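Please read them alongside the model.

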2 protein chains.
Amino acid sequence: MPNREEIAKWLKELQKHICSELEKADGEALFTSEEWQRPEGGGGISRVIQNGNVLEKGGVNFSAVHGAAPSFLFTEKEHSTQKETANNLTFYATGVSIVLHPKSPMVPIIHMNIRYFEMSNGVHWLGGGIDLTPHYVNETDAKFFHQTLKQVCDKHNPNYYTDYKKWADDYFFIKHRNETRGIGGIFFDRLNASSEMSFDKNLIFWKDVGMAFAPIYTELINRNKNNAFTETETEWQLIRRSRYAEFNLVYDKGTKFGLETNGRIESILMSLPPLAAWHYNYMPKANSPEEKTLSLLKKGINWVD
Amino acid sequence: MPNREEIAKWLKELQKHICSELEKADGEALFTSEEWQRPEGGGGISRVIQNGNVLEKGGVNFSAVHGAAPSFLFTEKEHSTQKETANNLTFYATGVSIVLHPKSPMVPIIHMNIRYFEMSNGVHWLGGGIDLTPHYVNETDAKFFHQTLKQVCDKHNPNYYTDYKKWADDYFFIKHRNETRGIGGIFFDRLNASSEMSFDKNLIFWKDVGMAFAPIYTELINRNKNNAFTETETEWQLIRRSRYAEFNLVYDKGTKFGLETNGRIESILMSLPPLAAWHYNYMPKANSPEEKTLSLLKKGINWVD
């Protein structure tokens, strides 16, 4: 089994590093920090920024929790063979989770999560991903975002970008709206060892994903934070945020895991937007930037060629 | 089997009646009306009011849908014996669903749903309920609301109010916040015939619930629409609305049913608030009206003695 204390320690350092970089990029607000304990085992450090110059609301959360393994952790296949013993299994999960809602509709929302998971039967894996949710899809930024993630992946495995980009398209999908949450990114789960990549090599890839976050987002902030906008863009931002809330409350597995394992509610739901709007039957005007954005919230768009 | 066309026709009339009464109470805005078809069978009429004098956003929806019965319709017990035949079963569901978000934080949010359900194997039942979500719990209004529902119930069965009030407390509960959505009301499901009440008698009770809606809510509007408020109350209203959105997206079975049976999204999600706020770790001030309201968002409060 990997050294989980070492992984958790690295994640805590990553949290510090990212908060410090984001404070510099914001230029005004500072992160608060709250330590919390989970009654059933473990705890975390929630760091939140609010009402900044750039960041309206966001969190960079570290957690390391453990306890009895909930049955939904098992895949269908595992379930049939392991459910009898499930009651005796314990799990350990540690990760860093980030969601940032910028004040300006011209700056994208971003999400990152990297996590390490293990069960007392020896099963263990890495998961993670970064995805971007621009209120307005700017194609140059979208290419930069995907190209940078591709570079991170390509350093480790020639298939990872293609595979994990597809996984992100499928995962960050608001089925009932038939639209993706944003322009995707990469997403992977249950990564262990394969014929070509040892767990340790995957651990290095996984750390590189974590380290890619701050430079990517500060670049996107700096590119867009001074772009002018009006009420129209702000109203659209509130609508896109409501779709973000729908995804997180209806589909997101991390949120579900947190709610079902009695996690700290305010840390789990820090991902929800500071303000969001639901209009009945809203339709963007023909040929508007809003309509163009909707047309790009689809699976399978190739941003790297 | 009951005459489902007659029930659906009655529900359509109820929709008209309620919209007309709400337009009078609002005094400004009118309901729009949209007919929609469900590709898999059936359809509905969505009626929506927006930006009124009293009502900021709300819907009074009628639907009558049918098709292959989704497996989640079966109870655990039924599931084991019926899952083999589930593929061949069809369902029919007709109902009226209402959620109204008032502009003023001093006027409560209200919800009603009454529905009739049947399956091709002859199983059929009635369900429904009315519940109230005041942004600020006013105890006089809460008593009026529960007392009126009790009178409706008592006309038909001496146990219904007690049983269905408890059911509402349990159902309209935001588990992850450990708070009820509002002050409850009544909720019932799978009501058919019992030793003391025939289906036809329950149908009359069910219709009485539907008819109670308009007088109850217009009374609550008239009592509160002219009450003064400031930014503080509006901010709190946005927070309470975000809890409403959480309940509907995470727990509500009607929403889940709609999303899983490919219902019309805008009709299902008309229940979501026009604007909602999520602050990180919001705590009301000690001894504030907001704190008092939170203290009353608990199960098991007796409002009728």
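1. The model is predicted. In chain A, residues W10(A), L14(A), H17(A), I18(A), E21(A) and A25(A) of α1(A) are in contact with K207(A), G210(A), F213(A), A214(A), T218(A) and I221(A) of α5(A). By class, the residues of this contact between α1(A) and α5(A) are 7 nonpolar, 3 polar and 2 charged.

2. As for the geometry of that pair, helix α1 (residues 4-26) of chain A packs against helix α5 (residues 199-224) of chain A at about 5 degrees, and the axes are 10 Å apart. The angle makes α1(A) roughly parallel to α5(A), because angles under 35 degrees count as such.

3. Chain A also has an open sheet of 7 strands with antiparallel pairing, in the order β1-β2-β3-β4-β5-β6-β9. The edges are taken by β1 (32-37) and β9 (184-191) of chain A; each has a single partner strand, so one side of each lacks a neighbour in the sheet. On average, neighbouring strands of this sheet are turned by 10 degrees against each other, with direction ignored.

4. Within chain A, strand β4 (residues 90-102) pairs with strand β5 (residues 109-119) over 10 bridges, in the antiparallel sense. Which residue in β5(A) stands opposite I98(A)? The residue is M112(A).

Methods:
Residues are numbered from 1 along each chain as its sequence is written. Chains are lettered from A and ligands numbered from 1 in the order in which they are written. This is a predicted model: local features need pLDDT of at least 70, side-chain atom pairs count only at pLDDT 80 or more; totals for chains, interfaces and linings use all residues. Axes are lines fitted to C-alpha atoms, for helices over the stretch in contact, and angles run from 0 to 180 degrees between N-to-C directions. Helices (H or I, at least four residues) and strands (E, at least two) are DSSP runs, numbered from the N terminus. Angles under 35 degrees count as roughly parallel, over 145 as roughly antiparallel, 65 to 115 as roughly perpendicular and the rest as oblique. Two residues are in contact if their C-beta atoms, placed from the backbone, lie within 7 Å. Ala, Val, Leu, Ile, Met, Phe, Trp, Tyr, Cys and Pro count as nonpolar, Asp, Glu, Lys and Arg as charged, and the others, Gly among them, as polar. Two strands pair if DSSP finds at least two bridges between them.
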